[in-house]
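Subject: Structure for you to look at

Dear colleague,

I am passing on the structure below, followed by some notes on what was found in it. Please keep it open while you read, so that you can find each residue as it comes up.

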Amino acid sequence: MTRPLVANIDIAAMQHNLSVVRSTVPRAKIWGVVKANAYGHGLERSVRALNDADGFALIEMESAIHLREIGWKKPILLLEGFFYAHELPILARYNIAFAVHCDEQIDMLEKSRLDLPVDVHLKMNTGMNRLGFLPAEYSKAYERLKKIPNVREISHMTHFANSEVSGHKKMSVEEQLKRFDSGSAGLPGVRNLSNSGAILLHPQLRTDWVRPGVMLYGGTPGGKTAEEYGLKPVMTLSSEIIQIQNIKEGDSVGYGSIFTATGPMKIGVVACGYADGYPRMAPEGTPVIVDGVKTRLVGRVSMDMITVDLTPVKDAHVGSKVTLWGNELPIDEVAEAAGTVGYELMCALSLRPRIVECW
């Protein structure tokens with residue numbers, strides 16, 4: 001017996017989304033961001049789908065090495081850089097570029113004795129206030145790197161805090177770009193700037209490389225829906241009704257009895273829960289599709305099951321098809337109802353759903 005919970009991964013949709021990046025910023029090279037197991041879609045699967053990308057960017061050094069071992073010969077970039085000095089010879093051996101965002105990393109580079117050169121992406125903190133050198137400190141960091149014999153190319157990098165919003169009142173892309181231009185003025189090297197939001201809402205930015213992430217997988221960084229951006233959903237999570245309960249007024253459903261029927265209802269039990277990656281905090285009203293009809297979640301999400309209102313689905317039965325997100329139901333719509341973002345739902349997919357690859 002096989003549990004009816006399936007995550008369909010649409011390779012053609014991923015390829016289409018990459019083509020949207022290419023057509024939106026045709027003069028830029030593309031880092032396909034494949035961190036977190038390619039946002040839950042599978043690293044090796046995404047490598048095949050995104051073979052036309054100019055490079056891959058991720059966080060995990062082990063995954064970067066794996067990319068080399070399976071034959072990826074184009075550039076690879078570690079977005080958080082390295083953490084310990086002993087990693088540097090390994091990164092040099094596998095020709096893996098990395099971000100440099102603090103003096104401690106430069107200290108380690110200065111003390112290292114490498115047999116092969118390395119490429120670095122010097123990161124500027126232009127207002128995100130996570131990683132990077134402040135604009136006033138940036139040129140000093142650049143000069144230190146330039147003096148290190150085994151540092152080959154130095155690229156310039158920043159990250160936008162609110163790229164999905166035009167003219168953000170606290171920290172706009174325009175303000176961050178102004179700081180970036182000031183801090184990097186006169187320094188040679190390519191520019192590595194735009195994430196998904198900047199690609200879609202600010203395609204005019206002058207950048208040599210872009211870093212699409214969520215848009216490759218059919219999610220939206222904000223601003224408009226994924227469909228309005230011309231993106232296609234890649235992951236469709238689907239299951240089936242495994243039992244139907246006919247309840248009466250005053251009956252409650254699930255742990256905590258947080259939902260109580262106000263009249264006779266038909267409740268469908270779906271084989272999917274938070275152990276599969278469905279958000280436990282999804283509230284009553286979170287959209288679900290049953291046999292092509294939109295309905296709603298009722299009751300608390302449990303480890304292995306959710307319960308849905310079958311009132312609008314007249315012919316629902318055990319075995320009725322249920323779409324949790326994907327085709328018919330955008331993942332961002334589910335995420336918004338659950339108080340989170342599509343990124344989290346993608347990355348939270350567990351090992352339990354059966355993966356089916358389609359084209």
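One aromatic cluster is formed by Tyr39, Tyr217 and Tyr343, where rings of Phe, Tyr and Trp (its six-membered ring) pair if their centres lie within 6.5 Å, and planes under 30 degrees apart count as stacked, over 60 as edge-to-face and the rest as tilted. Please note that this is a predicted model, in which local features need pLDDT of at least 70 and side-chain atom pairs count only at pLDDT 80 or more, while totals for chains, interfaces and linings use all residues. Residues are numbered from 1 along each chain as its sequence is written, and side-chain values use heavy atoms, with hydrogens and water left out.

By the ring rule, the count comes to six aromatic pairs. Tyr39 and Tyr217 make a stacked pair, with 4.9 Å from centre to centre and 25 degrees between the planes. Tyr39 lies in helix α2 (residues 35-39) and Tyr217 in the loop between β9 (209-210) and β10 (235-247), so the pair ties together parts that are 178 residues apart in sequence; helices (H or I, at least four residues) and strands (E, at least two) are DSSP runs, numbered from the N terminus. Tyr39 counts as buried at 6% relative accessibility, and Tyr217 counts as buried at 1%, where buried means under 20% relative accessible area, exposed over 50%, and partly exposed in between (1.4 Å probe, protein chains only).

Turning to helix α4, its residues Met61, Ala64, Ile65, Leu67 and Arg68 are buried. Seen down the axis of α4, these buried residues fall within an arc of 150 degrees, so they line one face of the helix; the arc is that of the directions from the helix axis to the C-beta atoms. The face turned away from the buried side of α4 carries the exposed residues Glu62 and Glu69. The buried residues of α4 pack against α3 (43-49), β3, β4 and α5 (88-93), with contact meaning heavy atoms within 4.5 Å.

Finally, the largest nonpolar core has 107 residues, and those with the most contacts inside it are Phe98, Tyr278 and Leu324; such a core is a set of buried Ala, Val, Leu, Ile, Met, Phe, Trp, Tyr and Cys residues joined through side-chain atoms within 4.5 Å. The largest share of this core, six residues, comes from helix α1 (residues 11-24).

Best wishes
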